[in-house]
Amino acid sequence: MAIRLSSLGIVFTFIVILVGVWTRLVDAGLGCPDWPGCYGALVVPNAERASDFAPHIPLDPFKAWVEMVHRYLASSLGLLAIVLVVLAWKNRHLRNYPVGVSVLLLLVICLQGAFGALTVTLKLWPQVVTLHLLGGFTVLAIFFWLRCRLGVCQRQPVTRSSLPRIWWLAITLLTLQVALGGWTSSNYAGIACTGFPTCNNEWWPSYMDFNEGFHITQEVGPNYLYGQLHAGARTAIHYTHRIGALAVGIALLMLWHYGHTKQPSIRGITQLMLGIYALQITLGIVLVLFSLPLSVALMHTAGAAVLMLCLLRTGWRLSIAQVSYSPATYRKVSHA
């Protein structure tokens, strides 16, 4: 049961991330001015009740429902994590059962809930919005790692080997790139650069303000809907995101070369990652040239999540040298 639930968690978290991005892209992040309810109710109220609760914030039913659906899904994810912790407690006597990973998953989801509340109360402060996105990817990664660990419990003791430096470089750069993507979106810098491969008809834009664009200690408020940064700061953010994409591509090529020359077991998945990366670049170009179409933006986020899962799977293959669990343990875990 735990294995099936962890697999469900991977799919469900993937959906929650995309719904969260959709909420952001349709400007519904402040569809409800309070948290965890909406205008003081557990469901979207009518206009009269909303006006009584917040007279100066008119109700937009569509945006309010989008925001509440995201909250409902995220809450369901938390319930799933609680069930997994209960199962971990029941199976704590089994050798190498990932109890710690199960508890960590629940703690990170609780932290995600706190970021969700701060996203609303701090009026889409870019720092919190970016951390909220990274938190979603972290939850996805932990669900995936939990599924891998549970799969190992069905077999035999594991001998782990250290991961190569190139893998750590790739995962670090991808994490930074996801953060840059969140920072680009939360500061509304997605179309700060027009054209490709140049940016505003320049290979190195003359008007970029990196100090303001990456001033992460900026004051809170009053409202970051549609952003507050000037054009030069947004251009700096967007251009840095493009440079980050290039760095990730180089790291993936190096990892592919490592697999091709030293680790045949990861050749297939590294080739897949290069294909996904090429698709990501294509989607990024389309986003710029066609002014951020919603469907393409969602696919771009989905591509980043799939790329991260592939990289984690590569790390798992590289770290596991031998698997051999007793049949008795297999039966215990598979029926947990």
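The legends below describe close-up views of a predicted model.

Residues are numbered from 1 along each chain as its sequence is written. Local features need pLDDT of at least 70 and side-chain atom pairs count only at pLDDT 80 or more, while totals for chains, interfaces and linings use all residues; side-chain values use heavy atoms, with hydrogens and water left out.

**View A. Confidence along the chain.**
The predictor's confidence in each residue is given as pLDDT, on a scale from 0 to 100. The protein has a mean pLDDT of 89, and 93% of its residues reach 70 or more. Helices (H or I, at least four residues) and strands (E, at least two) are DSSP runs, numbered from the N terminus. Among the elements of the protein, the highest mean pLDDT, 96, belongs to helix α6 (residues 165-186), and the lowest, 46, to helix α11 (residues 327-334). Over residues 322-331 pLDDT stays under 50. The model has 23 contacts for residues 322-331 beyond four places in sequence, a contact being heavy atoms within 4.5 Å.

A disulfide is a covalent bond between the sulfur atoms of two cysteines. In this model a disulfide is assigned to a pair of cysteine sulfur atoms within 2.5 Å, and the count by this rule is two. Cys 32 is joined to Cys 38, with an S to S distance of 2.1 Å. The link of Cys 32 and Cys 38 is left-handed, with -85 degrees about the S-S bond. Both cysteines, Cys 32 and Cys 38, are buried. Buried stands for under 20% relative accessible area, exposed for over 50%, and partly exposed for values in between (1.4 Å probe, protein chains only). With the bonded cysteines of the protein numbered in sequence order, the pairing is 1-2, 3-4.

Cys 193 and Cys 199 are joined by a disulfide with an S to S distance of 1.9 Å. The torsion about the S-S bond of Cys 193 and Cys 199 is about -75 degrees, so this disulfide is left-handed. Cys 193 has a relative accessible area of 1% and is therefore buried; Cys 199, at 0%, is buried as well. Thr 235, in helix α8 (residues 231-261), is buried at 5% relative accessible area. Not counting residues up to four places away in sequence, Thr 235 touches Cys 193, Cys 199, Ala 192, Asn 200, Pro 205, Tyr 207 and Met 208.

**View D. Cys 110 and Cys 148.**
Cys 110 is partly exposed, at 49% relative accessibility. Cys 148 is buried, with a relative accessible area of 8%.

**View E. The largest nonpolar core.**
A nonpolar core is a set of buried Ala, Val, Leu, Ile, Met, Phe, Trp, Tyr and Cys residues joined through side-chain atoms within 4.5 Å. The largest core has 58 residues, of which Leu 77, Leu 105, Phe 143, Trp 167, Met 308 and Leu 311 touch the most other members. Helices that each supply at least two residues of this core include α1 (2-25), α3 (61-90), α4 (99-121), α9 (267-289) and α10 (294-319). The most comes from α5, with eleven residues. Leu 105 is in contact with Ala 81, Leu 84, Val 139, Ile 142, Phe 143 and Leu 146, leaving aside its neighbours within four places in sequence. A second, separate core has nine residues, among them Tyr 39, Val 44, Ala 50 and Leu 59.

**View F. Aromatic pairs.**
Rings of Phe, Tyr and Trp (its six-membered ring) pair if their centres lie within 6.5 Å; planes under 30 degrees apart count as stacked, over 60 as edge-to-face and the rest as tilted. The count by this rule is eight aromatic pairs. Trp 22 and Phe 62 are edge-to-face, at 6.3 Å centre to centre with 80 degrees between the planes. Trp 22 is in helix α1 and Phe 62 in helix α3, so the pair ties together parts that are 40 residues apart in sequence. Trp 22 is partly exposed at 28% relative accessible area, and Phe 62 is partly exposed at 47%. The ring centres of Trp 145 and Trp 316 are 5.1 Å apart with planes at 90 degrees, so this pair is edge-to-face. Trp 145 in helix α5 and Trp 316 in helix α10 are 171 residues apart. Trp 145 is partly exposed at 27% relative accessibility, whereas Trp 316 is buried at 7%.

**View G. A ring cluster and a charge over a ring.**
Trp 204, Phe 210, Phe 214 and Tyr 239 are linked into a cluster by ring pairs. Arg 92 lies over the face of Trp 89, at 3.8 Å from the ring centre. A charge sits over a ring if NZ of Lys or CZ of Arg is within 6 Å of the ring centre and within 35 degrees of the ring normal.
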